[in-house]
Amino acid sequence: MRIVKREVAPRNSGWSSDIRAGQVLRLEARTIIDFVAFDLHQFAECFDQARTKEASGCIYLRRGDAVLSRSSKHLMTMLADGFEGLGTHDMQFGMCSRARHERAAAEGRLSEYLHAELAVPTHGCAENLTAACAPWGIPYIGIPSPINFFQNMAIDQATGRMQRTQVRPDTPVAVDLLAERDLLVAFSACPDKASRTGGLEVVASILDP
Ligand SMILES: [Zn+2]
């Protein structure tokens, strides 16, 4: 495949691009990526966590799974997963944000989210995705809950309790997503305070078949 675009999103920043049907989006990182997709010609047809999970019968996004929209349109297919066997991609949680970080501080739960030596971020994935989608006229309220690539969760089936883990790729690994139609894609390079690294940059490439 030929690389037609390759860009680096620094830690705790947002990124967006259009991508055409048949092209492949490759995201490479060792940090959490909060990712969303919209039909390029109808932004209301955006990624839907529940429909995607129902279609695959799995709470994680795996290689071969379809990424569906609010009315079950096929937006993307996960072609390759460099995290396979190392951890799983979350589709339960939303986005971190300034408000979430402040609430954690107020609840005395900063240690669940932050390393003690790191300051509370002034912004997070919600603000990053809002900025990335603003040029397309999509407001914060129009951004769906994301796929959280490389966000490995420990989920207790009996109690339903969900806990973050520090499982991340030790070296940058890639996920490849085939665009099944023309799309707007956007992500945030999460500050990822639950990780050992405190969040890192993300490399995004668009590939022609
Ligand atoms: Zn985040």
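1. In which loop is Phe 150 found? In this predicted model, Phe 150 belongs to the loop between strand S8 (147-149) and strand S9 (153-155). Its phi is positive, about 65°, although Phe 150 is not a glycine. Phe 150 counts as buried because 26 C-beta neighbours lie inside 10 Å, where 20 or more are required.

2. A positive phi is also found at Ser 72, with a value of about 70°, and this residue is likewise not a glycine. Ser 72 sits in the loop between S6 and S7. Ser 72 has 14 C-beta neighbours inside 10 Å and therefore counts as partly exposed.

3. On the overall dimensions, the chain of 209 residues has a radius of gyration of 16 Å; a compact globule with that number of residues would have a value near 17 Å, so the two agree. The C-alpha trace spans about 45 × 40 × 35 Å along its principal axes. The chain contains four helices and 13 strands. Buried residues account for 42% of the 209 residues. Of the contacts between residues at least 6 apart in sequence, 77% join residues at least 24 apart.

4. The largest nonpolar core comprises 50 residues, and those with the most contacts inside it are Leu 25, Leu 27, Ile 33, Ala 37, Leu 129 and Ala 186. Strand S12 (residues 183-189) supplies the largest share of this core, namely six residues.

5. Helix H4 (residues 125-133) is mostly covered, with eight of its nine residues buried. The buried residues are Cys 125, Ala 126, Glu 127, Asn 128, Leu 129, Thr 130, Ala 132 and Cys 133. They pack against strand S2 (14-19), strand S4 (33-39), helix H2 (98-106) and S12.

6. Leu 129, one of the residues with the most contacts inside the largest core, is in contact with Gly 14, Asp 34, Val 36, Met 95, Ile 143, Ala 186 and Ser 188, leaving aside its neighbours within four places in sequence. Ala 126, also in helix H4, is buried because 21 other C-beta atoms lie within 10 Å. Not counting residues up to four places away in sequence, Ala 126 touches Met 95, Ser 97 and Tyr 140. The C-alpha atoms of Ala 126 and Met 95 are separated by 5.6 Å, although the two residues are 31 residues apart along the chain.

7. Between Glu 102 and Leu 129 the C-alpha to C-alpha distance is 19 Å, with 27 residues separating them in sequence.

8. Six strands form an open sheet with antiparallel pairing, in the order S1-S13-S3-S11-S7-S6. Strand S1 (2-9) and strand S6 (66-68) are the edge strands, each pairing on one side only. Neighbouring strands of the sheet are turned by 25° against each other on average, direction ignored. Within the sheet, strand S7 (residues 74-81) and strand S11 (residues 173-179) run antiparallel and are joined by five bridges. Met 78 has Leu 177 in S11 as its bridge partner.

Key:
Residues numbered from 1 in each chain as written. Predicted model: local features only at pLDDT ≥ 70, side-chain atom pairs only at ≥ 80, totals over all residues. Core = buried A, V, L, I, M, F, W, Y, C linked by C-beta atoms within 7 Å. Buried ≥ 20, exposed ≤ 12 C-beta atoms within 10 Å, placed from the backbone. Helix = DSSP H or I, 4+ residues; strand = E, 2+ residues; numbered from the N terminus. Contact = placed C-beta atoms within 7 Å. Pairing = 2+ DSSP bridges. Axes fitted to C-alpha atoms, helices over the stretch in contact; angles between N-to-C directions. Rg over C-alpha atoms; globule rule 2.2 N^0.38 Å.
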